[in-house]
Structure formats: structure tokens, C-alpha cells
Amino acid sequence: MENLEKQLICPICLEMFTKPVVILPCQHNLCRKCANDIFQASNPYLPTRGGSLTSGGRFRCPSCRHEVVLDRHGVYGLQRNLLVENIIDMFKQESSSSKPAPERKEETPMCDVHEEEKINIYCVTHGVPTCSMCKVFGAHKDCEVAPITSIYQTKKTELSDGIAMIVGNNDRMQGIISQLEEACRAIEENGRRQKTLVCEKFDQLYAILEEKKREMSQKVTAEQDEKVNYIQGLTRKYGDHLEESCKIVEKGIQTMEEAEMALFLQNTKPLLQKIAEASSIAHLDKVERGYENMDHYNVNFKKESKALRTIDFIQDDEDEDEEDEDGEAGAEEGEGAQTVLGGSAVTAASVQPSAPQQANPCPSTSKSAAST
């Protein structure tokens, strides 16, 4: 019976359910009066007309915090729990028919001064319950007193109103918590989106740098191949000349061994002519000094590095328009290309030498110089 009684306690008034008992959508039960108190505390500004609601409202279940949405009938539109009401009737009948347990007698408080007197009145002056003897002969004889039943109902009403107020405040705080959680999720989502945009902008900058590096490397590679091919061609020419000279030397040694003077003199004239031609290398090109040097392809990114270190987010007072950097990558060499990334200007100056013809003579120039 005690366990059953605990199941029949209203979570608002902490008393046994009073008829009628309403069942919430979450299957929890409340006294209709308690449900109405919570509803009014949660909707203090809900318009009424002639004591009745003109529109629906909502409140949260005190047991599970589930939100209960009501129509224009308010709590009177909630379904009554007839099963719980019948159980309460049966419980009260069973309790009244059974003998009172000894523990029930101990529940009635007794006066501390008059131990045989029950506390049955309330001292309004001191705000404490007391007994009739204390009012007649004791410390509260000059105090204002009231029946304990009336004070009990008053205090119970105040406690119920206070609980309803706290429940309403809890609902408002729960709404604030939900808003804060939503703001936190929005901040995280916005942060992820902005980091993605920043990474995309840096990827564009990396692509520009990679393209520029590829173009400059191709220029160095083109001149390198040109010079290497030219040197390899001269090497082959000098090798052919050396091979021809070796053959002439062998021919001269064989001629020197000729004992017949007439035959010797007959072969000497063309051989001397060939020796004279082989001794001259004026017809072969010579490599100009410093031809192998590639130092004119030097780079200096101090200004660009300083500009890159100043990259930051766009401020409110700055122009938020961004220039298309793809067109800047193919600009003519020697012109400054200025790109705006994150509010910082980056100037990419051309790294080509001012006069490459002086330090990088072409093969035709070296050939003409050697021939002269």
C-alpha cells in the first residue's frame, strides 16, 4: 500500500492526485489544478476573454520535461485518466477500512512543551505551529493565532504557486540553453566553412606560385638545352678534326719510312698540304668565356616574402572585392602583377635579367666571334 501511495503522488503538490486527473502526451499524470497552475505560470501573457483562453499555449511536463502543446481549451482539453482516479478511490476505501498503523500516530506532531498536546493551531506572530495550551498558558498567550487548517491551505497554495513559478523559470532557462546550444553549433559550422574558404584561397595562391615556378624553370631548361646542344656539336667537330689529324700523322709516319726518294717526294707534297690544313683550327668555333654561366637567372623574393607575411583577413574598412588571380599568372614578363588575398597586396615582380643578351650569347653570336 505504501508503494502504491508513492505512485499516486502528484509531482507538483506532492499530495495524492485529486480528481480529475489529466494524462499528458508523455503519459505522466497531474492534478488538473496543478496542470492549470503550471500552464498559467508558463503563459502569463496569454490573452483571455471572460476567464477562458482565446488561443492555445504550452508548458513542459515536470517529470520528463516533455513539451505539452494545448489547444484553445487549455488543460480542459487534456484527457482524464479514469484508471488512476478509480485506483485512488479504491486506495482511499482500503485505507479507511484498515486499522491505522502505529506509524500514523507518530506522524502527528506533539508540542515540545506540552508533550500530551497535539499541535493544532498556528502562531501568526512568530510564524510557528503550536498547541492550544501554549496559547492559553504558554509563550504564545499574547500572540495572534489562526486555525492550522486555514494556514495549511494558505501555505500549501503559496508553495504550489512557488513551484509553478520555478517550473516556468526552468522552462525559460531551458529555452535559453537551447538557444545557446544552437548558437554554439552555428559557430562551429561557420568556423568550418570559413576555414574551408581560407584553404581554398591559399590553394589558389599555391597554384599561381607553382605555375610561375614551372614557367621560370622551363626558361632555364630551354637555355640549358640550347647551350648543351651547342657544346656537344662543337665537341663532335673537334673530335672529327682530331681523328682526321691522327690519320694524317699515321700517313706521315708511313711516308717517312719510304726508301725510294722519287716516290717519297711524290707523296710528300699532298701530305704536307693536309698537315698544314690539319694544323689550323681557325674554322672551328670557340666557346666564349662565361658562356656556361647561368647566373643571370637569379631571383630575389624579399619584397614578395614581406608582402606574404602581411596576409591577413579583410577588415571592415577595407575593400572586400577580390581580383581574379588566374589572369595575373599569364601577364607579360617584366610587369608587376598585384594580387589581393585576404586583404593583403602581394606584388610579384619579374625575375628576368635586364640584359640577358650580354650574359647569354646565342650560338650564332659565338660562332661569328670565333670566326672573326
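**Briefing on a predicted chain**

Valine 128 counts as partly exposed, because its relative accessibility is 33% and the partly exposed class lies between buried, under 20% relative accessible area, and exposed, over 50%, with a 1.4 Å probe and protein chains only. The place of this valine is strand β9, where helices (H or I, at least four residues) and strands (E, at least two) are DSSP runs numbered from the N terminus. This is a predicted model, in which local features need pLDDT of at least 70 and side-chain atom pairs count only at pLDDT 80 or more, while totals for chains, interfaces and linings use all residues. Residues are numbered from 1 along each chain as its sequence is written, and side-chain values use heavy atoms, with hydrogens and water left out.

**The chain as a whole**

- The secondary structure comes to eleven helices and twelve strands, and buried residues make up 24% of the 372 residues in the chain.
- Among contacts (heavy atoms within 4.5 Å) between residues at least 6 apart in sequence, 52% join residues at least 24 apart.
- The chain exposes about 26,500 Å², of which carbon and sulfur atoms supply 54%; accessible areas come from the Shrake-Rupley method with a 1.4 Å probe, and for residues only the protein chains shown count as cover.

**The sheet around valine 128**

- Three strands form an open sheet in the order β9-β8-β10, with antiparallel pairing, where two strands pair if DSSP finds at least two bridges between them.
- Strands β9 (128–130) and β10 (145–147) stand at the edges with a single partner strand each, so one side of each is left without a neighbour in the sheet.
- From one strand to the next, the twist averages 35°, with axes taken as lines fitted to C-alpha atoms, for helices over the stretch in contact, and angles running from 0 to 180 degrees between N-to-C directions.
- Strand β8 (residues 121–123) pairs with β9 in the antiparallel sense over three bridges, and cysteine 123 stands opposite valine 128 in β9.
- Helix α6 (residues 148–256) packs on this sheet and touches β8, β9 and β10, while its direction makes about 85° with that of β10.
- Leaving aside residues up to four places away in sequence, valine 128 touches Tyr122, Cys123 and His140; valine 128 and valine 145 are 17 residues apart in sequence and 9.7 Å apart in space, C-alpha to C-alpha.

**The largest nonpolar core**

- A nonpolar core is a set of buried Ala, Val, Leu, Ile, Met, Phe, Trp, Tyr and Cys residues joined through side-chain atoms within 4.5 Å, and of the 26 residues in the largest one, Cys10, Phe17, Leu24 and Leu30 touch the most other members.
- At least two residues of this core come from each of β1 (21–23), β2 (29–31), α2 (32–42) and α3 (82–97), and α2 gives the most, with four residues.
- Phenylalanine 17 touches residues that include Leu8, Cys10, Leu30, Val84 and Ile88, not counting residues up to four places away in sequence.

**Aromatic pairs**

- The structure holds two aromatic pairs; rings of Phe, Tyr and Trp (its six-membered ring) pair if their centres lie within 6.5 Å, and planes under 30 degrees apart count as stacked, over 60 as edge-to-face and the rest as tilted.
- Phenylalanine 202 and tyrosine 206 form a tilted pair, 6.2 Å centre to centre with 45° between the planes, and both lie in helix α6, four residues apart, about one turn of the helix.
- The rings of tyrosine 230 and tyrosine 291 have their centres 5.6 Å apart and their planes at 65°, so this pair is edge-to-face.
- Tyrosine 230 lies in helix α6 and tyrosine 291 in the loop between α7 (261–279) and α8 (302–309), so the pair ties together parts that are 61 residues apart in sequence.
- Both tyrosine 230 and tyrosine 291 are buried, whereas phenylalanine 202 is partly exposed, with a relative accessible area of 29%.
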